[in-house]
Amino acid sequence: MQLELISFKLCPFAQRAIIVLNSCNIDYKISYINPMDPPAWFKKISPTLQVPLLKADDTPIFESMVINEFINEISPKNLHPDDAIKAANNRSWIVFSSAMLGNMFDIVTGDEQKFIAAKTQLLQSFDKVLAAKSAGKFFNGNEFNMIDAAFAPIFMRIAWINKYTDNALSLAQLPEIKAWSDAILAVPVVKNSADDGLDDAYLSNIEARKGHLSTLLVD
Ligand SMILES: N[C@@H](CCC(=O)N[C@@H](CS)C(=O)NCC(=O)O)C(=O)O
């Protein structure tokens, strides 16, 4: 089976697919497009015009969660808990985490009011996640699972924002979440899912968006 991931460097949903592909040691090719100006061949195969899209031979598979479930299914490794109820519960939290990526978007692009609302919602969401998380290093315990891969792009972006501002998205009030973030960001497949310079590209994106966050940047 030939796999080709169509991606966009700054896309957090595509980053999740890269983490899962690499966690499962699956061979794939990666191609980049700009989803804001997609090439004609992509328009033909993508009904949503969104990345990531995984071409499995000639069949397009779209929606990051579906892509990741597919990768898990073709891999000998299972990135979900073996228990069906736990696995379904993890999938529920993965869907929940995608809404948190919506908060991250508003944090980067919004005016002050939108920024504050999105930040409040993000931190409240972490409180809810915490109630479901195990006491272990990762969400389910000591193994890095699909749910951790889903949260990785959120934590990476929070760390970048804190680096470029005076901790505008500090997790100091949520020490268990901070510890989970540190554990996830130290995993090699997570580290390697971001190309060199992606943090700078993210900074440029914050500047270009001219939202409230861009006024909080420090040298
Ligand atoms: N629900 C989709 C969201 C993917 C998504 O929002 N991708 C963005 C890039 S990060 C995109 O392609 N945006 C272009 C567009 O919406 O037209 C998924 O999980 O795959």
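# A guided tour of the model

Begin with K210, which sits in the segment after α9. This is a predicted model, in which local features need pLDDT of at least 70 and side-chain atom pairs count only at pLDDT 80 or more, while totals for chains, interfaces and linings use all residues. Residues are numbered from 1 along each chain as its sequence is written, and side-chain values use heavy atoms, with hydrogens and water left out. The element names refer to DSSP runs, numbered from the N terminus: helices are H or I with at least four residues, strands are E with at least two.

**Stop 1**

Most residues other than glycine have a negative phi, and most peptide bonds are trans. K210 counts as exposed, at 70% relative accessibility; the classes are buried under 20% relative accessible area, exposed over 50% and partly exposed in between, with a 1.4 Å probe and protein chains only.

Next, jump to L49, in the loop between α2 and β3. L49 also has a positive phi, near 65°, but is partly exposed, with a relative accessible area of 36%. Then select V51 and P52, which are joined by a cis peptide bond with omega of about 0°. P52 belongs to the loop between α2 (40–45) and β3 (53–56).

**Stop 2: two domains**

Colour residues 3–74 and 84–216 separately: these are domain 1 and domain 2 in the domain assignment of the protein chain, with bounds that come from an automatic or database assignment. Their C-alpha centres lie 21 Å apart. Across the boundary, 17 residues of domain 1 are in contact with 23 residues of domain 2, where contact means heavy atoms within 4.5 Å.

**Stop 3: the largest pocket**

Now select L10, C11, P12, F13 and F105, which lie nearest the centre of the largest pocket among its 29 lining residues. The elements giving two or more residues to that lining are α1 (12–23), α3, α4 (84–109) and α9 (198–209). Show α4 if you want the largest share, seven residues. The pocket has a volume of about 770 Å³, and its lining draws at least three residues from each of domain 1 and domain 2. By class, the lining divides into 18 nonpolar, seven polar and four charged residues.

On a 1 Å grid over the protein atoms alone, a pocket is an open set of points with protein on both sides within 12 Å along at least five of seven lines, a cavity is a set where a 1.4 Å probe fits but cannot get out, and lining residues have an atom within 4 Å of a point.

**Stop 4: the cavity**

The structure holds one cavity of 30 Å³ or more. To find the largest cavity, select R16, S64, M65, N68, I94, M146 and A150, which line it. Two elements give two or more residues to this lining, α3 (64–74) and α6 (146–164), with α3 providing the largest share, three residues. The volume is about 50 Å³.

**Stop 5: down the axis of α7**

Finish on α7 (residues 175–185), whose buried residues are I177, W180, S181, A183 and I184. Look down the helix axis: these buried residues fall within an arc of 165°, so they line one face of α7. The arc is taken from the directions from the axis to the C-beta atoms.

Technical notes: Points joined across faces, edges and corners; volume = space filled by probe spheres on them. Nonpolar A, V, L, I, M, F, W, Y, C, P; charged D, E, K, R; others polar.
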